[in-house]
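Let's take a walk through a protein model together.

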Amino acid sequence: FPALSKLTHDPARQTAAAVRATQLLMLVTAPLNLLQAALAGPLVRLIFAPKWEPAVPVLQVLSLTMAMGIMSAPTISLFKARGHYGQYFVWSLGGALVTMAMVAPAATIGPVAVAWAVCIYCFLYAPLALVLFFVPRGPWLATIWKLFLLPMLLGAVAVGLPAGVAQLIPLLRDYDLINILFVTPVAAAVHLLLFRTFAPEAWHDAAQHVTPLLASLRSRLKI
């Protein structure tokens, strides 16, 4: 929010900065949430008592929800940076009413239906707000691809490949800890490769943030 506020005099640059921040956020968090969805079963069985296993589908759907819900933060920052508090209030109020309208009937079905109702809402809320209020009409399709579809696609491929392989190998499928230890690093490696290949600008932005942190860590550890 403070960084975006400094660009209030230049709405085009401000929107471009928010778009870049959102894409980077999505490219980092989407695969993590998809990984959590893929490993929900092994994690719950490994950590909790058997009575909690019915919660796995709910955790999987809510993990998908967070994959998109997390990106509402830059959109909210744009509302505040431009001083559009009235629009933000009306949009949030409308979102709350829509959420209740979706969740109430879903609650009569069960917790998984409620989770799906919230998931669908989150997949619509942030993209619509960004496109309707901040992105010019021309490039909105490119923006949706860049911010939402590409990160989700790369994350799905990175997580889906090792998770699919794990289901084909009995040792990985039947032993939860081994499943987690296999899927997690392979998914991370595949995603880093896809990230660098298909989103080079965001990769460069990420490197600019990570490099100083690594240098500081090395100095503290005296490596």
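**Rings, a helix and the inside**

Start with the rings: Trp91, Tyr121 and Tyr125 form one aromatic cluster. Rings of Phe, Tyr and Trp (its six-membered ring) count as a pair if their centres lie within 6.5 Å; planes under 30 degrees apart are stacked, over 60 edge-to-face, and the rest tilted. Searching the whole structure turns up three aromatic pairs. Phe195 and Trp203 make an edge-to-face pair, with 5.3 Å from centre to centre and 90° between the planes.

Before going on, a word on the source: this is a predicted model, in which local features need pLDDT of at least 70 and side-chain atom pairs count only at pLDDT 80 or more, while totals for chains, interfaces and linings use all residues. Residues are numbered from 1 along each chain as its sequence is written, and side-chain values use heavy atoms, leaving out hydrogens and water.

Back to that pair. Buried means under 20% relative accessible area, exposed over 50%, and partly exposed in between (1.4 Å probe, protein chains only). Phe195 is buried at 4%, whereas Trp203 is partly exposed at 26%.

Phe195 is also one of the buried residues of α10, together with others including Ile180, Val183 and Leu194. Helices (H or I, at least four residues) and strands (E, at least two) are DSSP runs, numbered from the N terminus. An expected helix span is 1.5 Å times one less than the number of residues. Helix α10 covers residues 176-198, so its 23 residues should span 33 Å, and its end C-alpha atoms are 32 Å apart, which agrees.

What about the cysteines? A disulfide is a pair of cysteine sulfur atoms within 2.5 Å, and the structure holds zero of them. Cys119 has Cys122 as its nearest cysteine sulfur, 7.2 Å away, and that is too far for a bond. Cys119 is buried at 5% relative accessibility, and Cys122 is buried too, at 15%.

Finally, the cores. A nonpolar core is a set of buried Ala, Val, Leu, Ile, Met, Phe, Trp, Tyr and Cys residues joined through side-chain atoms within 4.5 Å. The largest one has 28 residues, and Met26, Leu35, Met71, Phe148 and Met152 touch the most other members. Elements giving two or more residues to this core include α2 (11-38), α8 (140-168) and α10. Another core, of ten residues, lies apart from it, with Leu24, Leu27, Leu150 and Leu194 among them.
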